[in-house]
Amino acid sequence: MNIAHIKLNVISMPLKSPFHTHLGTVTEREGIIVELIDSDGVSGYGEGVAFSTPWYTEETVKTSLHMLADILIPLLRKNQIKHPEEAAILFKSIRRNNMAKAGLEMAIWDLHAKRNAESLSASIGGTRKKVASGVVVAAESLSSSLKQIEKYLEEGYQRIKVKINPQQDYSLLAGIRRHYPELPIIADANSAYTLKDIERLKAIDDFNLLMIEQPLASDDIIQHSLLQKELKTPVCLDESIVSFEDAKNAIDLGSCKIINIKAGRVGGLYEAKRIHDYCFDKEIEVWCGGMIEFGISRAHNIALASLPGFTIPGDISASNRFWEEDIITPEVRVENGFVTVPDTPGIGFGINEKRLKDTTLLEKSFKFENSWLC
Ligand code: OSB
Ligand code: MG
């Protein structure tokens, strides 16, 4: 790989409707689009998925920009890389900052796949031709949740995820179950509970939920193992799993029966695939989480979810779930509950250059007079 130029575009877009969790409301999404251009003019794309504030993980758009510009891009420049896995291993010399690493690592994967004239899915070992689509409802009340669920089910989504917290759990889930007794439902708590809330959590154990996602602290593995023993409902971990080692420990301790894999959260596709492979071996189900992302990250999610162990519909929604107009072309579409995995080179989507330009707040360019071998 002979990288000549790296461009970072910080973009910003309003969400079509506010996204509510007990940690706050997202109405505007910023993100970092990473473009690598090689000496033949071939471009690979990645997306930094940190938020503007550290509500979900400790990273932010600004910390990611700093890591990319001052640490990761210079590190890549100094080291010869022949394969994206080597970049992922190189980045392990830097602690955490997984979303910044992933943005760059995933652009390298896209470029690598394009250079080999193969799809990103094929490049990482994907086997599925289409991936099952689920969608998140993050509304403020039962009535608006029901309205959104009705609309999404009409659009074909195969399962729904709702956000819960101690102020809105039993009544919300009971209200949804009254209308939809059989609907596959995930309840995502984003760490809204502690073990002191065990009775509240046991109360929702009879709703036949597909799983409860990240009920306890965002960095906990131990207490979740105690909780899982008390619940029939499978516990799924999201925030707690930021590396392969976390996934292994959680499985070995019985802290969860399911893992939500997000490439951004774990530092890129290499680590995401390692987690997938271990879970596949141990018969732990996995699914692909979402980050209210733009089309580039969405495209990477589609490739990731084409791996054989992704058996549960992911938070892989259409571009129009969050955006009036996405930055990729064509946009991601859900048809009969599935998204087709592209078989064209790399991520398989082009860039909507006008939309990218119109949403760009800041552009940084790293150009090298002599393209450097990496
Ligand atoms: O906890 O899974 C989460 C969005 C941003 C950050 C964290 C989470 C979420 C979601 C939405 O639940 C997933 C999506 O983009 O569809
Ligand atoms: Mg979650």
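Predicted model: local features only at pLDDT ≥ 70, side-chain atom pairs only at ≥ 80, totals over all residues.
Residues are numbered from 1 along each chain as its sequence is written, chains are lettered from A and ligands numbered from 1 in the order in which they are written, and side-chain values use heavy atoms, with hydrogens and water left out.

Me: Which residues are the protein donors of the magnesium ion (ligand 2)?
Reply: Donors are N, O and S atoms within 2.8 Å of the metal (3.2 Å for Na, K and Ca); water is not among the atoms, so sites may look incomplete. The protein donors lie 2.1 to 2.4 Å from the ion. They are D188 (OD), E213 (OE) and D238 (OD).

Me: Is D188 buried or exposed, and what is the relative accessible area of D238?
Reply: Buried means under 20% relative accessible area, exposed over 50%, and partly exposed in between (1.4 Å probe, protein chains only). D188 has 1% relative accessibility and therefore counts as buried. D238 is buried too, and its relative accessible area is 0%.

Me: Which residues around ligand 1 come nearest?
Reply: A residue is near a molecule if one of its heavy atoms lies within 4 Å of it. There are 18 residues around ligand 1. Those that come nearest are K161, K163, D188, N190 and I292.

Me: How much of the accessible area of ligand 1 does the protein cover?
Reply: Polar contacts (pairs of N or O atoms within 3.5 Å; within protein, one must be able to donate a hydrogen and the other to accept it, and residues adjacent in sequence count only if both atoms are side-chain atoms) are made to oxygen atoms of ligand 1 by the side chains of N190 at 2.8 Å, D238 at 3.2 Å and K262 at 3.0 Å. On its own, ligand 1 has 390 Å² of accessible area (Shrake-Rupley method, 1.4 Å probe).

Me: Which are the edge strands of the open sheet of 7 strands?
Reply: The order is β5-β6-β7-β8-β9-β10-β11, with parallel pairing; two strands pair if DSSP finds at least two bridges between them. Each edge strand pairs on one side only. The edge strands are β5 (134-137) and β11 (285-288).

Me: Which residue of β7 is the bridge partner of K163?
Reply: Strand β6 (residues 159-163) pairs with β7 in the parallel sense over 4 bridges. V162 stands opposite A187 in β7. The bridge partner of K163 is D188.

Me: Which residues on the two faces of β7 are buried?
Reply: β7 is covered on both faces. On one side the buried residues are I185 and A187, and on the other they are I186 and D188.

Me: Which residue of β6 is the bridge partner of V137?
Reply: β5 and β6 run parallel and are joined by 4 bridges. In β5, V135 and V137 point one way and G134 and V136 the other way, and all are buried. The partner of V137 is V162.

Me: Which backbone nitrogen does the side chain of S119 reach?
Reply: S119 lies in the loop between α3 (98-115) and α4 (120-124). Its relative accessibility is 9%, so S119 counts as buried. At 3.0 Å, the S119 side chain reaches the backbone nitrogen of A122.

Me: What is omega for the peptide bond from T329 to P330?
Reply: P330 lies in the loop between β12 (328-329) and β13 (338-340). The bond from T329 to P330 is cis, with omega near -10°.

Me: What is phi of S191?
Reply: S191 is found in the loop between β7 and α7 (198-203). Its phi is a positive value in a residue other than glycine, near 65°.
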